[in-house]
Amino acid sequence: MGRIGKEVAGQVISFIGLVGVAVTCGIPMWRVTSFIGANIVTGQIVWDGLWMNCVMQSTGQMQCRLNESVLKLSPDLQAARALVIISLVFGFIGFMITCIGAKCTSCLKKDSSMAKVVIIGGCLIILAAVLVLIPVCWSAALTITDFQSPLTIETQKRELGASIYIGWASAAILLIGGIILTTSCPPQKPIYGYPGYPPAPMYPYAGPVTNPATYGPVYAPPSGQPYTGTGTGTYVPNKPYAVPTTYSPAQYL
């Protein structure tokens with residue numbers, strides 16, 4: 001799979017993960033409580049979510065109430081509301097950054113700049129996966145602990161809702177998409193020349209030459225005649241120079 005294929009695959013997987021995180025944030029199914037009275041008519045199901053609580057009667061009638069105050073929520077759901085929203089923001093920003101730096105777009109010109117932008121977007125998507133994984137695991141741990149506690153009343157025991165499972169799946173999908181994006185196009189440094197300049201052109205090897213060209217002599221060989229100077233046949237200069245006379249020290253006293 002080429003670079004463009006990896007980028008497209010990572011973006012599609014990341015988008016699916018973001019949709020899952022949005023579903024986890026929206027539906028009120030973080031905790032589910034089933035209560036059955038003396039007969040099936042009095043049975044009801046209570047759903048707890050980040051934004052509302054819903055009660056469904058055995059007759060099929062459902063009533064939902066919005067959580068007007070954050071303080072009415074349990075500590076894990078309070079943290080989950082903030083972390084899931086931050087995860088959605090980081091994931092959306094990372095997804096848009098990867099679209100800007102993708103090779104199939106023309107927003108950036110240099111390949112190295114495109115690679116760095118895509119890597120930054122992939123890191124943000126991985127961070128979004130971690131942010132959504134923390135509240136989901138925290139809420140699941142508290143729900144399991146309360147369910148197994150002997151001090152909890154039977155009618156108050158709650159089970160894991162669909163939002164917990166969707167959050168786990170969304171975190172895994174975001175991690176896969178972010179890893180694919182961060183490893184799809186590592187920045188490459190030029191091997192030849194200086195940074196910022198293209199490498200020298202490469203020419204293919206044409207094989208041995210079957211009819212090599214013949215070249216003539218570039219320069220003439222030196223003559224075998226001795227150097228004669230001015231024609232006298234000797235290296236002694238024509239004008240003799242006399243030896244300077246001896247100077248006595250008395251001249252400089």
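Which side chains meet in a salt bridge at 2.9 Å, N to O? In this predicted model, the side chains of R158 and D48 do so, a salt bridge being a side-chain nitrogen of Lys or Arg within 4 Å of a carboxyl oxygen of Asp or Glu. The pair links distant parts of the chain, 110 residues apart, with R158 in the loop between α3 (111–148) and β5 (159–160) and D48 in strand β2 (residues 44–48). R158 is partly exposed at 35% relative accessibility, whereas D48 is buried at 7%; here buried means under 20% relative accessible area, exposed over 50%, and partly exposed in between, as computed with a 1.4 Å probe on protein chains only.

Because the model is predicted, local features need pLDDT of at least 70 and side-chain atom pairs count only at pLDDT 80 or more, while totals for chains, interfaces and linings use all residues. Residues are numbered from 1 along each chain as its sequence is written, and side-chain values use heavy atoms, with hydrogens and water left out.

The structure holds 2 salt bridges, and the other joins the side chains of R31 and D76 at 2.3 Å, N to O. Since R31 belongs to strand β1 (residues 31–35) and D76 to helix α2 (residues 75–101), this pair ties together parts that are 45 residues apart in sequence. R31 is buried, with a relative accessible area of 8%, and D76 is likewise buried, at 1% relative accessibility. In general, side chains of opposite charge can pair when their charged atoms come close.

The protein chain has 4 helices and 5 strands, where helices (H or I, at least four residues) and strands (E, at least two) are DSSP runs, numbered from the N terminus. From the N terminus on, these elements follow the order α-β-β-β-β-α-α-β-α. Buried residues make up 26% of the 253 residues in the protein chain. Of the contacts with a separation of 6 or more, 63% are accounted for by residues 24 or more positions apart, a contact meaning heavy atoms within 4.5 Å.

Helix α1 (residues 3–26) has 24 residues, which at 1.5 Å a residue should span 34 Å, and the 35 Å between its end C-alpha atoms agrees with this; the expected span is 1.5 Å times one less than the number of residues in the helix. The buried residues of α1 include E7, G10, S14, G17 and V21. An α-helix has 3.6 residues a turn, so residues three or four places apart point the same way. Within α1, S14 is buried at 0% relative accessibility. Leaving aside neighbours within four places in sequence, S14 is in contact with I125, L174, G177, G178 and L181. The C-alpha atoms of S14 and A171 are separated by 9.8 Å, although the two residues lie 157 residues apart along the chain.

Among the buried residues of α4 are A171, L174, G177, G178 and L181. The 23 residues of this helix (residues 162–184) should span 33 Å at 1.5 Å a residue, in agreement with the 33 Å that separates the end C-alpha atoms of α4. Helix α2, with 27 residues, reaches 39 Å from its first C-alpha to its last, close to the 39 Å expected at 1.5 Å a residue. The buried residues of α2 include D76, R81, V84, F95 and T98.

T143, found in α3, is buried, with a relative accessible area of 5%. Not counting residues up to four places away in sequence, T143 touches R31, R158, E159 and L160, and these partners include R31 of the salt bridge with D76 and R158 of the salt bridge with D48. I119, also located in α3, is partly exposed at 22% relative accessibility. I119 and I180 are 61 residues apart in sequence, and their C-alpha atoms are 9.6 Å apart in space.

About 210 Å³ of space lies in the second largest pocket. Of the 13 residues that line this pocket, N53, R65, N67, K72 and L73 are the closest to its centre. On a 1 Å grid over the protein atoms alone, where a cavity is a set of points that a 1.4 Å probe fits but cannot leave, a pocket is an open set with protein on both sides within 12 Å along at least five of seven lines, and lining residues have an atom within 4 Å of a point. Grid points are joined across faces, edges and corners, and a volume is the space filled by probe spheres set on the points. By class, the lining has 3 nonpolar, 4 polar and 6 charged residues, with Ala, Val, Leu, Ile, Met, Phe, Trp, Tyr, Cys and Pro counted as nonpolar, Asp, Glu, Lys and Arg as charged, and the others, Gly among them, as polar.
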